[in-house]
Amino acid sequence: VPRGGTPLLLGASLSLVALYYVMLMAGETLAERLVVSPMVAMWGANGVVLLLATILAWLAGVRRGAQNARMAQI
C-alpha cells in the first residue's frame, strides 16, 4: 500500500476481519433458523473470502503483467 501506508493497511485488515465475522454470524443465524444447511452456513464465509482473494490476486497479476509489458517496450 504505497500511498496509504500503515494506517490504510491496518484499516483494511480490520475491515476484512469485521466483514468475515459478520458473514460468519449471519451464516450461523441462517443455520439455526434452518434457512440453509449448517455446512453451507459455516463454510459460506470462507468461500466468499476465497473468491475475493482469488479475484484480487488475479487482478494484481494482470496489473503486474501490464507493467512488465510497458517496461519491455521502453
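**Figure 1. Helix H1, end to end.** At 1.5 Å a residue, the 28 residues of H1 should span 40 Å, and its end C-alpha atoms are 41 Å apart, which agrees. The expected span of a helix is 1.5 Å times one less than its number of residues. Helices (H or I, at least four residues) and strands (E, at least two) are DSSP runs, numbered from the N terminus. This is a predicted model, in which local features need pLDDT of at least 70, side-chain atom pairs count only at pLDDT 80 or more, and totals for chains, interfaces and linings use all residues. Residues are numbered from 1 along each chain as its sequence is written, and side-chain values use heavy atoms, with hydrogens and water left out.

Figure 2. Leu34 sits in the loop between helix H1 (5-32) and helix H2 (38-73). Its phi is positive, about 60°, although Leu34 is not a glycine. Leu34 has a relative accessible area of 70% and is therefore exposed (buried means under 20% relative accessible area, exposed over 50%, partly exposed in between; 1.4 Å probe, protein chains only).

**Figure 3. A nonpolar patch on the surface.** Leu16, Leu19, Leu51, Leu52, Ile55, Leu56, Trp58, Leu59 and Val62 form this patch, with about 870 Å² of accessible area together (Shrake-Rupley method, 1.4 Å probe; for residues, only the protein chains shown count as cover). H1 and H2 are the elements that give two or more residues to the nonpolar patch. Patch residues have over 30% relative accessible area and no salt bridge, and nonpolar side chains (Val, Leu, Ile, Met, Phe, Trp, Tyr) are joined within 5 Å. A salt bridge is a side-chain nitrogen of Lys or Arg within 4 Å of a carboxyl oxygen of Asp or Glu.

Terms used: Patch = residues over 30% accessible without salt bridge, like charges linked within 9 Å, V, L, I, M, F, W, Y side chains within 5 Å.
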